[in-house]
Each structure stands twice: as C-alpha cells, then as structure tokens.
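Visitor: Could you walk me through this model, one feature at a time?
Guide: Gladly; have a look first.

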Amino acid sequence: MKILVCIKQVPEITDVTINPETGTLMREGVSSILNPFCEYAMEAALGLKRQRHDTELVAISMGPPQAGSALMRCLEMGADRAALLSDAQFAGSDTWATALTLAEAIKRLEGDFDLILVGKQAIDGDTAQVGPELAEILGLPGIMYAVDIELGPDRKRVRVKREVENGYEVVEIRLPGLVSMSKGPLMRSVSSFQDILDARKKELRVLSASDLELDQDKLGLLGSLTQVVEIFPPRVKSRGELIDGSDAEAATEKAITFLRERRFI
Amino acid sequence: MLKIDTDRCTGCGICEKICPFTAIVVVDKVARVQANCTLCGACVSRCPTAALSIERRRASEEELRSFSGMVIWGECEEKAGRLVPKKVVRELISQGRRLSDKLDQQLSVVVLGDGRLMELDTLIACGADRVVRCRHPLLGRFTSEGFTCVLSALISQAKPSMFLFGATPHGRELAPKLAALLQLGLTADCTGLDIDEKGQLVQTRPAFGGNIMASIISPYTRPQMATVRPNVFSAGEPDSSRKGKIEDFDVTLSPASIRTKTVSVEKLADEGNIGIEDADIIVAAGRGCQKKENLTLIQELADALGGVMAGSRALVELDWIPHTKQVGQSGLTVGPQLYIAVGISGAVQHLVGMRSAKTVIAINKDPDAPIFKVADLGIVGDAMEIVPLLIKKLKKERIHGRKK
C-alpha cells in the first residue's frame with residue numbers, strides 16, 4: 001500500500017504581530033512549524049503503516065526551499081521519503097493553483113498511490129480548500145474533517161469517522177481516495193536522536209516546475225484564479241474596563257452590576 | 001467543448017451514468033457527446049482513463065458580462081423531520097439583497113433536499129427574488145458529491161455572476177469541490193462583501209489567524225465564488241408582503257455519482273438543544289479552567305444565565321469538550337449578545353471566532369492576556385475563585401428578579 005501525505009509549513013501564528021505603524025505583518029524571527037493538522041495527517045498515516053508494515057509513506061509539500069525542514073520533520077516521524085515542490089514560479093499560488101500543482105505532481109510522480117492524507121486546513125491561511133480541490137482535480141472520493149481512519153480488511157476501502165456539525169458520521173470510501181484530518185493524538189511525538197539520524201539518510205527530492213513539465217501559465221500567481229487587491233489590519237474594538245479580581249467579592253459584585261446595566265439580568 | 005479521446009475511452013459508461021444532463025451516450029464502446037452538453041464538467045474528473053477534457057479559456061470581458069445575478073446556497077438542516085433553511089442563509093440573503101440592488105440584478109436561493117423541504121417562502125420574505133428548489137431522494141442527506149453534481153448543472157444553465165455559501169462545515173467542503181470542478185476562483189470564510197466600480201465582488205477575509213485582513217477578487221472566472229462566515233452579518237427582518245417565485249429545477253442524479261457510503265451517524269446534541277452558533281448567551285472555557293471537572297462550574301454559570309457552554313480549541317484537543325462546542329478559526333463562529341470567556345487567553349484564532357459578540361466579559365489571571373483587548377469588562381483574577389461566587393450571586397439575582 002502507498003500513502004501520500006500532503007503537508008504545509010506554516011509560521012507559528014501566535015508569534016506573528018502587526019507593525020502598528022505600517023499595518024504589515026512582522027514575520028522576522030517567527031519560527032516555522034509543521035502545520036498541526038498536517039501533523040495529524042502524518043500520525044494517521046503512521047497508524048496505518050503500523051498495521052501494514054509493507055506500506056510506503058511519502059510526504060509531499062509545496063513551498064519555499066526552507067519548507068524542506070517541515071518535510072524533514074515528517075521523515076523523522078517515519079515517512080519513507082519526501083518530495084518538495086519548490087520553484088519561484090510557484091510563488092503567489094492561491095488554493096486552486098496549489099491544488100493543481102500538487103495534483104499534477106502526484107499524477108506524474110506518484111500515480112500509483114492508494115490513499116492521500118491531508119490536514120483539514122493550514123493555520124496561516126485557514127481556507128480548508130486545498131484538500132477538497134485536490135480530491136476533485138484527481139477525481140477521487142474524499143472525506144473531510146476525519147478524526148479516525150481504519151483500513152478495511154480487503155485493503156480496498158477505508159472507514160472514516162468524521163466531524164459533522166451536530167456530531168460524528170462514519171463514512172466509507174473505496175480506494176484510491178483522499179481524507180482530511182481534523183484531530184490527532186494529544187501529545188506531539190518527539191523525535192529521538194536516532195529518528196533524526198535515520199531521517200537524514202532518507203530521500204528528500206526537490207522538484208522544480210521544469211521537472212514537473214507544467215505550463216507556466218498554470219502556476220503561481222499567473223495560474224491563480226483569485227487576486228488579492230488590498231491588505232489591511234483588522235478593526236480593533238476599544239478596550240473596556242479592566243478590574244482587579246484579587247478581591248473576588250468586590251469583582252463579582254461589579255460584574256453583577258455590569259450585567260444588570262446591560263439588562264442581562 | 002467537451003473532447004473525448006477515443007483512443008483512451010474504454011466505453012466503461014461511468015460518464016453516461018453521472019452526466020446530470022444525459023448528454024453522453026456510449027455507443028459501440030465509445031462515449032459520444034450530445035448537443036445538450038452544457039460543459040458542466042461533472043464527467044471530466046471521473047473518467048478513469050482521463051479520456052475526457054474541457055478546454056477552458058480565461059473569459060474575456062464580453063464573456064464575463066454574459067453571467068448575471070447572484071445565487072446563494074440555501075443550506076438546510078433537519079428540524080422535527082423537516083428540512084428547513086439554516087439561519088446563515090437568511091444572513092447571506094440580507095447581504096445578497098444589498099449587493100444585488102447595487103448591481104440591479106436578481107437574487108436567487110437554491111435549496112437541495114428531498115420531499116421534506118419546507119419554509120421556503122421565508123427566503124422570499126427575507127429578500128430573495130427567486131427560490132430554486134432541487135428535489136431528489138438522493139438529496140435528503142448532504143453528500144458533497146451529490147450536491148456538487150446538481151449545483152454544477154445549475155451553474156452551467158443559470159450562469160450566475162456570483163455564488164455564495166455559508167462557511168459551515170458543509171459549505172466549506174462543497175464550495176471548493178464545485179470551484180475545482182468548474183475551475184473557478186473561490187475565497188474562503190469571508191467577513192465582508194462589496195461591489196467595486198467594475199461591478200466585481202470584493203471579498204474580505206481574515207488571514208494569518210486574524211492578524212490581518214485581505215480583500216480578494218476573482219477577475220477571470222464566473223461565477224465569483226465565496227464562502228461567508230456565519231454570525232458575521234445580521235439576518236434582517238422578514239417581510240411577508242414581498243413577492244417572488246419558487247421554481248423547480250429538474251434533477252438528474254444517479255447513485256453512481258455518490259461514492260461515499262454513510263455507515264452510521266452519531267448525534268451529540270438533541271434536536272431541541274441550541275447550538276453555540278445560534279445561542280444568545282455563551283460562557284466559554286479555556287485552558288485556564290485547569291481541570292475537566294471544573295467545566296461543571298462553567299456549565300452551571302451558563303445555566304444560571306440561560307446560556308450555553310462552549311470552549312477554546314485547547315479543550316477540544318484535550319477531549320474535554322466536543323468539536324461542536326469549539327469557538328474559533330478552526331471551530332465555529334459565534335455571535336451572541338453576551339460572551340463570557342473564562343480562562344481563555346484569547347489567541348487571535350479564538351478572537352476571530354467570537355469577534356461578533358455584542359458584549360464580552362473576560363476572566364483571566366494574566367493582565368496582558370489578549371482577550372482583554374476585546375472585552376467590555378475584564379476581571380484579572382483566578383477564574384475558579386470568581387466563577388463560583390458569580391454563580392451564587394446570579395442565583396440570588398434571578399430569585400430576586402422573579403419576586404419583582
């Protein structure tokens with residue numbers, strides 16, 4: 001069995017701040033991490049690999065050269081090999097161009113896969129669009145927002161528990177298919193020294209647009225169907241009253257008065 | 001036009017089965033396109049031998065102008081055995097009406113379901129000119145494949161200029177599938193919509209966890225597609241004297257179009273319970289609540305105020321609360337009258353999910369917690385000391401109130 005995990009490197013969002021004068025993002029010194037939802041996808045893939053040892057697990061990403069470190073993390077976690085699609089021509093891709101580039105790369109290089117796993121969304125863009133778009137372009141049945149995934153006894157199907165608005169649903173698809181993960185284990189696995197050493201021996205290919213033989217007008221900004229016209233800081237609500245709660249009695253009394261004034265009680 | 005590579009075609013007949021317009025027939029083991037093909041593209045991605053393709057060109061100004069009007073997906077939910085439009089649909093209609101009036105164009109709402117579809121006239125009362133009803137036994141339950149199939153057929157026939165979806169879990173799955181199928185630009189999770197001087201839809205959304213806002217257009221493709229966050233826009237008052245049409249759209253849908261098979265369904269909330277998206281009063285817990293047992297206090301506080309309990313992503317990760325109660329960027333967006341944040345520091349991803357709350361009270365130990373930036377009343381202190389006291393006082397307050 002062959003599983004592809006599509007991952008993204010993201011900035012540690014909680015570290016991102018806004019320059020109050022220019023209204024731009026201050027990303028200097030912000031660390032980059034493997035997107036948590038992609039980590040769940042990796043964990044799900046590793047879970048399946050533990051059940052079927054002959055499973056080949058390939059991690060794929062599209063991004064700048066430094067995104068290789070997110071793939072390194074995947075190799076440390078247990079991916080067998082990795083591929084990074086990296087080219088200046090990919091820059092400025094919207095979700096459509098991203099999904100199309102990934103789909104083309106997968107078709108050309110890893111067409112014999114059984115299952116594609118992705119994170120439900122990346123914590124920087126938060127669109128949750130690339131997963132369903134990728135499934136559609138590849139013509140695959142897809143299940144989004146999965147919390148648990150189980151391989152059928154015949155290895156031809158997966159049974160997936162997924163989040164829906166009022167609870168959960170258990171859904172089955174025939175492979176090949178795509179599943180997006182919404183949850184994973186509570187504790188992040190920590191790479192051991194041996195994992196790190198092993199990862200360095202594994203294959204990490206870097207592929208450019210010419211390796212993929214893709215038309216330039218389908219890539220990056222040129223291939224994107226949406227266009228950003230303006231970026232601005234969000235409107236900030238004026239700060240209300242801040243009171244000291246070390247005297248709980250007085251503080252709760254104030255809260256009651258506040259609730260009464262606003263007619264909640 | 002739809003091209004068929006006859007060398008690749010094996011005559012398997014999948015395209016024939018899933019074509020919503022019965023525009024493909026297999027004759028002598030080769031697929032043939034009929035004149036009624038609308039180029040909806042439903043067949044292309046499903047051909048196992050990639051024998052089908054559609055040449056698409058970036059539309060010229062003239063082509064773009066041939067698309068007109070706005071369509072809103074009238075997502076329905078099950079209530080007492082009936083399928084009725086969700087609240088977010090009314091929110092979208094109020095925005096859609098404003099934008100359609102600016103362009104002097106028609107506003108339609110498309111609803112998909114089976115024979116249990118009800119309350120569609122309220123969509124007209126809320127501002128729609130036209131309700132397009134798609135009824136089919138296979139549409140009784142949401143499947144992204146079945147719904148994509150019907151909506152792509154509708155788009156290729158009606159040629160709307162804009163198509164809006166609620167950014168609900170279903171909307172966020174359906175819209176990108178449809179966009180990829182028809183090769184359309186799509187913007188996720190919009191919190192602002194407007195029309196520019198060229199008549200284009202300007203879609204504004206938060207990015208980088210809400211640290212920054214971006215305005216986005218889809219200049220090359222029609223319809224311009226967007227998912228819109230629930231609880232950001234208000235729903236507007238229905239006017240029962242408004243006139244409009246309810247029309248039926250002919251649905252051709254084959255079971256072969258739906259490849260996902262539902263095995264079982266587990267509902268976490270009873271139908272009578274109010275979800276956090278519809279609640280007027282929310283008490284939300286964060287990591288500062290320290291122990292799972294402390295959540296009973298949060299629930300008690302919510303009960304005392306007649307509200308519901310919710311929580312931050314941290315608590316979902318810890319399995320203390322289900323995802324149906326998660327507020328924030330990767331959870332649900334809420335817009336209550338009152339939001340009490342207990343032990344929530346207020347990471348930007350959380351703030352994005354509750355920014356529409358009218359009044360916010362925050363209780364947190366850390367005076368620098370970002371949640372205080374959006375709070376109308378902030379209490380710096382130990383939440384687990386303050387909350388029980390607050391419950392005690394509220395209980396008295398209620399009794400006192402009733403006596404009056």
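Guide: Let us begin with burial: a residue is buried if 20 or more other C-beta atoms lie within 10 Å of its own, exposed if 12 or fewer, and partly exposed in between, with C-beta atoms placed from the backbone. Asn231(B) is buried, with 23 other C-beta atoms within 10 Å. This is a predicted model, where local features need pLDDT of at least 70, side-chain atom pairs count only at pLDDT 80 or more, and totals for chains, interfaces and linings use all residues. Residues are numbered from 1 along each chain as its sequence is written, while chains are lettered from A and ligands numbered from 1 in the order in which they are written.

Visitor: What is the phi of Asn231(B), and where does the residue sit?
Guide: Asn231(B) is not a glycine, yet its phi is positive, at about 65°. The residue belongs to the loop between strand 15 and strand 16 (245–248) of chain B. Helices (H or I, at least four residues) and strands (E, at least two) are DSSP runs, numbered from the N terminus. In chain A, Asp126(A) has a positive phi near 60°, and this residue is also other than glycine. Asp126(A) lies in the loop between strand 8 (115–119) and helix 4 of chain A, and is buried, with 22 other C-beta atoms within 10 Å.

Visitor: Which peptide bonds are cis?
Guide: One runs from Leu175(A) to Pro176(A), with omega near 0°. Pro176(A) is in the loop between strand 11 and strand 12 (177–181) of chain A. Another cis bond, again with omega near 0°, links Arg222(B) to Pro223(B); Pro223(B) is found in the loop between strand 14 (212–217) and strand 15 (224–228) of chain B.

Visitor: How should I read a pair of packed helices?
Guide: Two packed helices are described by the angle between their axes and the distance between the axes. Axes are lines fitted to C-alpha atoms, for helices over the stretch in contact, and angles run from 0 to 180 degrees between N-to-C directions. Here, helix 3 (residues 95–109) and helix 4 (residues 130–138) of chain A pack at about 45°, their axes 9 Å apart. Angles under 35 degrees count as roughly parallel, over 145 as roughly antiparallel, 65 to 115 as roughly perpendicular and the rest as oblique, so helix 3 and helix 4 of chain A are oblique to each other. Residues in the contact include Trp96(A) and Leu100(A) of helix 3 of chain A, and Leu134(A) and Ile137(A) of helix 4 of chain A. Two residues are in contact if their C-beta atoms, placed from the backbone, lie within 7 Å.

Visitor: How many residues does each chain bring to the contact between chain A and chain B?
Guide: Chain A brings 69 residues and chain B 76 residues. On the side of chain A that touches chain B, strand 11 of chain A gives the most, with eight residues.

Visitor: What does chain B look like as a whole?
Guide: Its secondary structure comes to ten helices and 22 strands, and its C-alpha atoms fill a box of roughly 80 × 45 × 40 Å along the principal axes. Of the 404 residues in chain B, 52% are buried. The domain assignment gives chain B domain 1 (2–54), domain 2 (61–255) and domain 3 (276–403); such bounds come from an automatic or database domain assignment. The C-alpha centres of domain 1 and domain 3 of chain B are 54 Å apart.
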